[in-house]
Amino acid sequence: MSLRMLWSLFTIILVAVVAVVMMASIAEIEKRAWKDSEQQQAKLLITLLSDELKMPMVAGSTAEVDTLIKMFKHRVPGTSVFLRWASGHTESFSDSAIPDEIEAVNKLPGEAAAIEGQDRWYGMGVNYNTTQLGTISMYFPGKSWRENDLQIKMNLTATAASIALLAALLVYGLSGRTVNQLRMLARGSKRLGSGDYSVHLPIRSSNEFGKAFNQFNLMVSSLEQREKVYDLYGRYQRPQLVADEYDRNTFRSDHLSREVSVLAIDMIAFNAYAQQSRDDELIPMLNRIFALFQQIIQEFGGHVDQISGDKMIALFNHPFDLKCHENQAVKAGLAVIQASENMALKRPDGGHVGFRVGMAIGEVSVGHLGVGRRKEFTVIGEPLSLAAQIAKIGDAQTLTAQYGTMLALGHGFKQKELGQKRLPNGRELRCISILAGEAYVNQEIDEVLAKALVRAEPDDMYEDEGW
């Protein structure tokens, strides 16, 4: 059964269930109202009959009383009347036998009321001033509720059937558009799965489908771009093809080496944090943070070369030329430190999650590292290990670098002397902290941070996904 037919059938069933519930409720209400109306009518009739009998009964005129009761029965067919005089004399005006319970009643209130235990029997005392002339009981058949009930149910059934049919037709028509959108998305996904990156879904509205199509198109563009990057520099490609394309697009010298700026980002006291954190929280936390850092690095023209545990290595001026790559690397490092402070993530021990950033500038070798299908287009060299060593001696508030780095930087920065420091590998090195020295540097960092925060947010979250 198709989705459209299933939705239409569900609509019909839902309307039918609602109609049955409403029918039962309305029928019960109508029945109670009908019964109350009959009781009021019967009480009114017996009251009028009692008023007509008062004077003849005061005069003791039995013949006149009989005439009045017979005229009443003629005007209200189907009624039965039982009259008891104060003297004890009784008279019956009925086509059938009077129930014994009615004949046994010898005292009734002065107002009309239903006789307890006797359905459709009503009675009252015939009083003149304070004198009781007798009692009168009346059987009032009323109209058949069954016929009225059947008519109500027939009307409700016809109305419900009409509503169900109209609702089913409306759902069938509207669901056609939804099904077509889903089919379009399914066909696009099938083409994408087969490697066709030219697929594009038309966006004709701003509703949930419009958002989904827009995200699909963005995903296709991202996959297409990533595929192109992989074709040139990614994994699992023929090494000679990548090397040749790299030579054509970057530089044409006879050796594969170039000067780069390296940022090493290292989480402070990661091992202690990992021991105190739950396993299902550790990796998602690192992924969210590194996703933000990656956006920052890309905004300043660099790229993430590798991530290992709690460490991230970013390169600037590779694989493509980047003007003033030293400046860009410093600004990216300062932005990473600022982002870490802004997030203010708490550690299980009550402290804050912090990241140290180290920087090194130098020449590296460019090529394919690995064997077989595990080859990667990457860089190796002393600046990578030096940046990682420098990061370990810094803190979470400043960017640490080797003394002399300021000579490669332009205006806009200032340094703080740290003196001789012993690196974790035992090497002695004179180090400095690099800080923003001009307002425009801080402004550029703030702008990049704002943009990176937006781009690092998940794109698949919407407020009511009711569809």
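A residue is called buried under 20% relative accessible area, exposed over 50% and partly exposed in between, with a 1.4 Å probe and protein chains only. The model is predicted: local features need pLDDT of at least 70, side-chain atom pairs count only at pLDDT 80 or more, and totals for chains, interfaces and linings use all residues. Residues are numbered from 1 along each chain as its sequence is written, and side-chain values use heavy atoms, with hydrogens and water left out. Helices (H or I, at least four residues) and strands (E, at least two) are DSSP runs numbered from the N terminus.

- Five of the six residues of strand β8 (residues 311–316) are buried, which leaves the strand mostly covered.
- Strands are taken as paired if DSSP finds at least two bridges between them.
- Six bridges connect β8 with strand β6 (residues 257–267) in the antiparallel sense; Leu315 of β8 lies opposite Val262.
- Strand β7 (residues 303–308) also runs antiparallel to β8, joined to β8 by five bridges, and Ser308 has Lys311 in β8 as its bridge partner.
- A hairpin is formed by β7 and β8 with two residues between them, and Gly309 in the turn has a positive phi of about 65°.

- Thr400 belongs to strand β11 (residues 399–402) and counts as buried because its relative accessibility is 1%.
- Contacts (heavy atoms within 4.5 Å) of Thr400, apart from residues up to four places away in sequence, include Val357, Met359, Ile390, Leu418 and Cys431.

**Salt bridges**

- Side chains of opposite charge can pair when their charged atoms come close.
- The criterion is a side-chain nitrogen of Lys or Arg within 4 Å of a carboxyl oxygen of Asp or Glu, and the whole structure holds twelve salt bridges.
- Lys54 counts as partly exposed because its relative accessibility is 23%, and Asp51 is partly exposed at 41%.
- Arg191 and Asp196 meet at 2.9 Å, N to O; Arg191 is partly exposed at 38%, as is Asp196 at 24%.
- Arg430 pairs with Glu417 in a salt bridge of 2.9 Å, N to O.
- This pair links distant parts of the chain, with Arg430 in strand β13 (residues 428–436) and Glu417 in strand β12 (residues 413–422), 13 residues apart.
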